[in-house]
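Dear colleague,

I am handing over the structure below for your files.

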Amino acid sequence: MKQVMIVRTDLKMRKGKIAAQCCHGSIGSYKKTDSKKIKKWENEAYAKVVLKVQTKEELLELKRLADEKGISNYLVIDAGRTQIPTSSITVLALGPDEDEILDEVTGDLKLL
């Protein structure tokens, strides 16, 4: 079991901004996840992985695949108060879910 956050690198967010956006995504996706999966994830040390894509289009395609497979997910849309323009899509969070299920969507991505 793990949770995956996928970050857009084309926005050139600084480390702190990336961390905050990943936190928003993590909580958002967690709230949409089935309680049985959450319990299992809690018993397996809350594994989290942060991956990267280069464009919004890549991120939206991954969301489409996640939706198609029934994977809980949350798309983070920034308020635009600091580094990036309002309504920028920054992060897609998936799960928590089984590693194999998430890997079907994210298996080709590289770690941030």
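**Salt bridges and their exposure**

At 39% relative accessibility, Arg64 is classed as partly exposed, a term for values between buried (under 20% relative accessible area) and exposed (over 50%), computed with a 1.4 Å probe on protein chains only. Helices (H or I, at least four residues) and strands (E, at least two) are DSSP runs numbered from the N terminus.

This is a predicted model, in which local features need pLDDT of at least 70 and side-chain atom pairs count only at pLDDT 80 or more, while totals for chains, interfaces and linings use all residues. Residues are numbered from 1 along each chain as its sequence is written, and side-chain values use heavy atoms, with hydrogens and water left out.

Lys69 forms a salt bridge with Glu104, at 3.1 Å between the closest N and O atoms. Because Lys69 belongs to helix H3 and Glu104 to helix H4, this pair ties together parts 35 residues apart in sequence. Lys69 is partly exposed at 40%, whereas Glu104 is exposed at 52%. Shared partners also join Glu61, Arg64 and Glu68 into one network of salt bridges.

In total, the count comes to nine salt bridges.

How values were computed
A salt bridge is a side-chain nitrogen of Lys or Arg within 4 Å of a carboxyl oxygen of Asp or Glu.
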